[in-house]
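I am opening a notebook page on a single protein chain, and I want to write down each thing I look up in the order that helps me picture it.

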Amino acid sequence: MKKILLAFTLMLCLMNNTNAQSTIIGSEAFSVNLPAGYQRTIGTNDFSIVQWENNDSTAYGFIITENIDELKLGNISDDLASYMDITVSNYSSNPKFKSLNTKQFKTNKGKETFQKQISYYNEELESNVYLQINIFKTKNFIYQVVNFGSDDFLKNSKEYTDYIINNIDLPF
């Protein structure tokens, strides 16, 4: 009886190992430190995994992640510049779209990022919206870190957006 039970247990273990040949990575731990005056919020972007705001300066931000394996399944490049083009295309059909500044650099923590600043006219708000988008890549994910606001957002919030970008902790 013991031999039958042992053989059955061994067979279940082998079946379990043969069926578990694929692993899907669903998330990875990261953190972002926000400057004084910023707090976590909701309602900024339905696809984001974390969102923030500063009511005094009407500045907002969020992070969206994409699994690199899923991008490959869709034949989408995980190159930072190519992925930025895809991200910006979501805004470029809006009236008065402008591409402002683009640069690639390493953060204070040594993480490579591709940054683009854009603006477009939002008809619902009847004003221009200014965005700073940073794209980061880890082994398993691409991160879009988007900071935005209106009017002089890019000029007045540079210190804060730089703080956020330089204080994001992502896996290498």
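**Entry 1: the chain as a whole.** I note at the start that this is a predicted model, and I keep that in mind for every entry on this page. I looked up the secondary structure and found that the protein chain has 5 helices and 9 strands. Reading from the N terminus on, I wrote the order of these elements as α-β-β-β-β-α-α-β-β-β-β-α-α-β.

Entry 2: What share of the 172 residues counts as buried? I found 39% for the protein chain. The accessible surface comes to about 10800 Å², and 51% of that surface belongs to carbon and sulfur atoms. I also looked at contacts with a separation of 6 or more, and 49% of these are accounted for by residues 24 or more positions apart.

**Entry 3: N67.** I located N67 in strand 4, which covers residues 59-67. Is N67 buried or exposed? Its relative accessible area is 8%, and because buried means under 20%, N67 counts as buried. Leaving out residues up to four places away in sequence, I found that N67 touches I25, N140 and F141.

**Entry 4: aromatic rings.** I searched the whole structure for aromatic pairs and the count was 6. For the rings of F30 and Y143, I noted centres 5.4 Å apart and planes at 70°, and since planes over 60 degrees apart count as edge-to-face, this pair is edge-to-face. Where do the two partners, F30 and Y143, lie? F30 is in the loop between helix 1 (2-19) and strand 1 (31-32), whereas Y143 is in strand 8 (residues 141-150), so the pair ties together parts that are 113 residues apart in sequence.

**Entry 5: lysines over rings.** Which residue lies over the face of Y121? I found K96 there, at 4.9 Å from the ring centre.

How values were computed:
Residues numbered from 1 in each chain as written. Predicted model: local features only at pLDDT ≥ 70, side-chain atom pairs only at ≥ 80, totals over all residues. Heavy atoms only, no water. Helix = DSSP H or I, 4+ residues; strand = E, 2+ residues; numbered from the N terminus. Buried < 20%, exposed > 50% of the residue type's maximum accessible area, 1.4 Å probe, protein only. Contact = heavy atoms within 4.5 Å. Phe/Tyr/Trp six-rings, centres within 6.5 Å; stacked < 30°, edge-to-face > 60°. Lys NZ or Arg CZ within 6 Å of the ring centre and 35° of its normal. Areas by Shrake-Rupley, 256 points an atom, 1.4 Å probe, with all protein chains shown as cover.
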